[in-house]
Amino acid sequence: MDQLALLFVLLLGAVISVPVGDRFGLPAPVLMTLLGIVLALLEFVPNVEIPPELILPLLLPPLLYAAVRRTSWRQFAANLRPIFLLAVALVFVTTLCVAAVAHAIVPGLPLAAAVALGALVAPPDPVAATAVAGQLGLPRRLVSILEGEGLFNDVTAIVLYHVAIAAAVSGTFSPWEAGLDLVLSAVVALAVGLALGWGANKLMDLLGDATLQISLTLLVPYASYVLAEELHGSGVLAVLVTALFLAEYATDADDVMMRLAGHTFWDIVDTLVTGVAFGLIGLELHIAVRTASGRWGEMLGWAATVVGVVVAVRLLWLLPATWLTKRMHARRDYDEEIPTSWRETVVMWWSGMRGVASVALALAVPLETDSGAPFPDRDEIVFIAFGVIMATLVLQGLTLPWLVKRLGVRADSDQEKEFEKQLAVRAAKAAKRRLREIEDVEDLPEDLAEQMLRRAFEIGVRISPDLGEEERREAHQQRARRLKRVRRIQSELLSAARHEVLAARSEPGADPEVVDRVLRHLDVRSLR
């Protein structure tokens, strides 16, 4: 098996792991990690040869962009305090605690190298948190905080990692320079993210065509990441800012085809790239195995100790942080955006899985220092990092569904239905307002005006059937059954038409482009 065949195996596994995970109640990313581990243990499977410096630029931009599309700036603003406590403060605390313990237990490990280890295992993975927690029916407030933490903690961790690596390689360290680098990295990323977001938004208006617009959304995250990194900014933060800008300002309510096609396209990208990313985590296991050759007992002990520190620090930080955030939010009526019980806090604690970023940073640890000497304890750092990644991702990922079920932490379906009902009322009222505006300008026949008014009401009822009174609900249900029958018959008619047109494609003299154009017309008609 060569590298290309291995890539196709991972892509196929990414597709199959989704229904298999749904069938057995297991997260697809964890299944892909297990598949990668199995492949890594097979002798005929080659070792993956991807330069470490390419892993983050290739995998993170589309994954971050896909994750941001599922949220909004308002959710980040509402959860700003808890996200800051997790994505910035907790990353610093975890880094320092891991560095202190690793420096104490690993003989000869310099403090700068220990800080690098702490930084690369500190951030929970945004993709793992979103993919795993999002499938478990958790309250939206928890998913929002986990998504926000996962999206922003990489910014802090990567900057800390680079500062620590630079200190270990050069042998010098300046706190002021490190703080200035952190600030400048954020400022550059914000500038790049906003500039590219604004430019991409304007360019989408010029492109017009849905296919070209979706193609642009695939290129923009990569451009944002690469440009920010070239200017010594945070590529991760730049992608987040660009994605949030486009999600806020590049949405046209009437661009139905762009929205439907874009949603499908990014679902596909998210599924495939996530599968490949977590498959690579498992495949890189051979590096840790080779590193620990002959020293399994000692190195497993170090890895287990650091895993314990990572897990314990998260819990010990979450308990007071949740209480503090509640106190802060109590005066601003944001209680719905934070964990409301110890059960939800425990779920947040157990959702701190490490993943793609930690793997890439571990593999990117330099081989030598500026003096030409080997990087201090590089093998030990890589092994401990992989131990933390495997323990948190596989152990926590496999047991999180059980824990959620055991604790009974579920989304409030009544609250979601009530919000859906409110949106249905707003949609129906907006349609009625627009109808009155049309009546003021146009002279509509009485029967047509009455029919349109009924249609405006039905817009809300179709979204939330509870809107109508009993009699009107019954009438709506009858019309819905009739409409369903009409649509079924119409669907069969359109199906017959499509089969006939498609058969013409293979006839002598038929122009395939004309046939495809007619098919697209029939396909669009089928969506109405």
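What is the volume of the second largest cavity? The legends below take up this question and others for a predicted model.

**View 1. The second largest cavity and the residues that line it.** The second largest cavity has a volume of about 50 Å³, and the structure holds three cavities of 30 Å³ or more. Rolling a probe the size of a water molecule over the atoms shows where empty space is left. The lining of the second largest cavity is made up of I55, L59, A277, L280, I281, E284, V356, V359 and L363. Sorted by class, this lining has eight nonpolar residues and one charged residue, with no polar residues. Helix 3 (52–68), helix 12 (256–283) and helix 16 each supply at least two residues of the lining.

**View 2. L117 and L120 in the largest nonpolar core.** The largest nonpolar core has 122 residues, and of these L117 and L120 touch the most other members. Helix 17 gives this core its largest share, 15 residues. Leaving aside residues up to four places away in sequence, L120 touches Y161, S358, L361, A362, V365, I381 and A385.

**View 3. A second, separate nonpolar core.**

**View 4. H232 in the loop between helix 10 and helix 11.** Most residues other than glycine have a negative phi. H232, although it is not a glycine, has a positive phi of about 65 degrees. H232 lies in the loop that runs between helix 10 (210–230) and helix 11 (235–249). Is H232 buried or exposed? Because its relative accessible area is 68%, H232 counts as exposed.

**View 5. D377 in the loop between helix 16 and helix 17.** D377 is a residue other than glycine with a positive phi, near 55 degrees. The place of D377 is in the loop between helix 16 (356–363) and helix 17 (378–407).

**View 6. The whole protein, as a setting for the close-up views.** The secondary structure of the protein comes to 21 helices and zero strands, and 45% of its 528 residues count as buried. Among contacts in the protein with a separation of 6 or more, 80% are accounted for by residues 24 or more positions apart. The protein exposes about 27,500 Å², of which carbon and sulfur atoms supply 62%.

Notes
Residues numbered from 1 in each chain as written. Predicted model: local features only at pLDDT ≥ 70, side-chain atom pairs only at ≥ 80, totals over all residues. Heavy atoms only, no water. Helix = DSSP H or I, 4+ residues; strand = E, 2+ residues; numbered from the N terminus. Buried < 20%, exposed > 50% of the residue type's maximum accessible area, 1.4 Å probe, protein only. Core = buried A, V, L, I, M, F, W, Y, C linked by side-chain atoms within 4.5 Å. Contact = heavy atoms within 4.5 Å. 1 Å grid on protein atoms, 1.4 Å probe; cavity = no way out; pocket = protein on both sides within 12 Å on 5 of 7 lines; lining within 4 Å. Points joined across faces, edges and corners; volume = space filled by probe spheres on them. Nonpolar A, V, L, I, M, F, W, Y, C, P; charged D, E, K, R; others polar. Areas by Shrake-Rupley, 256 points an atom, 1.4 Å probe, with all protein chains shown as cover.
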